[in-house]
Each structure stands twice: as C-alpha cells, then as structure tokens.
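Dear colleague,

Please find below the sequence and the structure that I am handing over to you. My notes on what was found follow directly after.

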Amino acid sequence: MTKASDITVVTGTIGDDIHSLGITVIEHALRNVGFHVVKLGIQVSQEDYIKAAIETDAKAILVSSMSGHGRVLCQGFRDKCIEAGIPDVLLYVGGCLTTGDTPWDEIERYFLEDLKFNQVMPNTSLPGDVIEHLKDDLEVELNA
C-alpha cells in the first residue's frame with residue numbers, strides 16, 4: 001500500500017475567493033497524516049492548479065470556495081485536466097459552493113455528475129472527512 005508521504009496534493013481557494021481559513025486547517029491536517037501539500041494560496045485559477053499538479057505529479061487537487069461562486073468558478077475544470085493530460089487526477093471541492101437556498105443534494109449532484117468532481121464537501125466538513133476520502137480514493141496508508 002502506498003504511504004501518504006508518497007502522495008502530493010495541491011490546495012488553494014479558487015477564482016475570486018480570498019477565504020483561506022478552512023483550506024489552511026485542512027492543509028495542516030493533511031500534513032499531519034503525511035501527505036505532501038502544495039499550497040497555492042488564495043485566488044487560484046484552474047490553470048494554476050493544473051500546472052502545479054503536473055509539475056509535482058500530484059494525485060489530487062483540493063479546491064476551496066467559500067464565496068458562494070464555486071458553481072461558476074469550477075465549470076470546465078475536469079475538461080481542462082483532461083486536455084492537460086491529467087484525466088485521472090482526483091478533484092475535490094468544498095465550502096460554500098453556491099449562494100441562495102439550493103438544497104445540498106442538488107449542489108452535490110451538480111459537482112459530481114455535471115462537473116465530474118470526485119468528492120464534494122459541504123462547509124460543515126471536518127478535516128478528518130477529507131482525509132478519510134483521500135485515504136480511500138488513493139488507497140494510502142496514513143502516518144500514525
């Protein structure tokens with residue numbers, strides 16, 4: 001089984017978003033269990049995530065969006081990954097992904113089925129939730 005320390009993940013907040021607290025907590029938790037984290041920071045474009053994933057041979061891209069614009073900012077992300085030659089990179093998205101009263105199941109379906117993200121996490125998710133999904137999706141052994 002692959003160890004978490006052999007896995008690189010790319011993180012950041014997408015587009016116009018400047019909310020970094022949630023992703024910073026997740027980055028810290030990921031490092032604590034052994035993942036190598038490439039932190040891109042705030043207001044990251046899809047192209048910058050993809051470039052970093054290619055340069056570091058990342059297995060996953062974790063996108064945070066708390067501004068409520070994630071639904072728009074993430075459109076076409078999977079297609080750009082495919083065009084860049086990384087069709088199998090895991091795409092995770094989490095946070096406050098839309099504004100208004102859209103039910104969570106509709107938001108989740110949109111990101112999973114329409115945008116082809118692998119995991120969609122609500123803004124109430126804990127770091128352990130993200131870690132468990134990565135552990136399962138990447139079949140990795142975490143540091144004790």
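I begin with a charged pair. Lys39 is partly exposed, at 46% relative accessibility, where partly exposed stands between buried (under 20% relative accessible area) and exposed (over 50%), with a 1.4 Å probe and protein chains only. Its partner is Glu27: the two side chains form a salt bridge with an N to O distance of 3.6 Å. The pair joins distant parts of the chain, with Glu27 in helix H1 (residues 21–32) and Lys39 in strand S3 (residues 36–39), 12 residues apart. Glu27 is buried, at a relative accessible area of 1%.

Please note that this is a predicted model, in which local features need pLDDT of at least 70 and side-chain atom pairs count only at pLDDT 80 or more, whereas totals for chains, interfaces and linings use all residues. Residues are numbered from 1 along each chain as its sequence is written, and side-chain values use heavy atoms, with hydrogens and water left out.

Overall architecture

The protein has six helices and seven strands; these are DSSP runs, with helices being H or I of at least four residues and strands E of at least two, numbered from the N terminus. From the N terminus on, the order of elements is β-β-α-β-α-β-α-α-β-α-β-α-β. The C-alpha trace spans about 40 × 30 × 25 Å along its principal axes. Buried residues account for 43% of the 144 residues.

Salt bridges and surface charge

A salt bridge here is a side-chain nitrogen of Lys or Arg within 4 Å of a carboxyl oxygen of Asp or Glu. By this rule there are four salt bridges. Besides the pair described above, one of them joins Lys80 and Glu47 at 2.9 Å, N to O. Another salt bridge is that of Arg109 with Asp114, whose closest N and O atoms are 3.4 Å apart. Arg109 is partly exposed at 35%, and Asp114 is partly exposed at 44%.

Which residues gather in a patch of negative charge on the surface? They are Asp129, Glu132, Asp136, Asp137 and Glu139. Patches are made of residues with over 30% relative accessible area and no salt bridge, like charges being joined within 9 Å and nonpolar side chains (Val, Leu, Ile, Met, Phe, Trp, Tyr) within 5 Å. Asp129 lies in helix H6 (residues 127–138) and is partly exposed, at 35% relative accessibility.

Loops

Gly34 sits in the loop between H1 and S3 and is buried, at 13% relative accessibility. Gly34 and Ala4 are 30 residues apart in sequence, yet their C-alpha atoms are 5.0 Å apart in space.

Asp57, in the loop between H2 and strand S4 (60–65), has a positive phi near 55° although it is not glycine. Lys116 is also not a glycine and has a positive phi of about 65°. Lys116 lies in the loop between helix H5 (104–114) and strand S6 (119–122) and is partly exposed, with a relative accessible area of 46%.

Yours sincerely

Note on methods:
Accessible areas come from the Shrake-Rupley method with a 1.4 Å probe; for residues, only the protein chains shown count as cover. Lys and Arg count as positive and Asp and Glu as negative; His and the chain ends are not counted. The place of a charge is taken as NZ of Lys, CZ of Arg, CG of Asp or CD of Glu.
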